[in-house]
Structure formats: structure tokens, C-alpha cells
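Here are a few friendly notes to read alongside the model. Please keep the structure open as you go through them.

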Amino acid sequence: MDVTDDQVHGHQEGAFFNTYYKGVCYAPLYIFCGHHLLVAFITSF
């Protein structure tokens with residue numbers, strides 16, 4: 001599993017301020033099996 005920040009500019013729905021990345025972003029969760037992407041899941045808080 002890997003979570004990555006995806007920086008946004010403006011007021012996109014579902015984006016939030018992340019104190020770790022110090023910016024407004026989406027934080028999709030990626031689940032891999034080896035080098036193959038199985039699931040990309042975007043959470044909203």
C-alpha cells in the first residue's frame with residue numbers, strides 16, 4: 001500500500017489541507033501486488 005499526495009490549486013471538491021505535505025491535496029491510496037496496481041482509492045474526510 002502507498003499513499004501519495006496529489007496537490008490541487010483552487011477549491012476542488014474533496015481536497016483537504018494535509019499538514020504532513022503542507023498543502024491542499026487529494027490523498028489517494030494505491031494498493032499494489034508486486035509492480036501491478038490493483039486498486040486506487042480516494043478517501044474524503
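1. Three strands form an open sheet in the order S2-S4-S3, with antiparallel pairing. Its edge strands, each pairing on one side only, are S2 (6–7) and S3 (16–18). Strands here are DSSP runs (E, at least two residues; numbered from the N terminus), and two of them pair if DSSP finds at least two bridges between them.

2. A word on the basis: this is a predicted model, where local features need pLDDT of at least 70 and side-chain atom pairs count only at pLDDT 80 or more, while totals for chains, interfaces and linings use all residues. Residues are numbered from 1 along each chain as its sequence is written, and side-chain values use heavy atoms, leaving out hydrogens and water.

3. Two antiparallel bridges link S2 to S4 (residues 23–26). Asp 6 has Tyr 26 as its bridge partner, and Gln 7 has Cys 25.

4. On the other pairing, S3 and S4 run antiparallel and are joined by three bridges. Cys 25 is the bridge partner of Phe 16. Four residues lie between the strands of this hairpin, where Lys 22 takes a positive phi near 55°.

5. Val 39 counts as partly exposed because its relative accessibility is 38%.

Key:
Buried means under 20% relative accessible area, exposed over 50%, partly exposed in between (1.4 Å probe, protein chains only).
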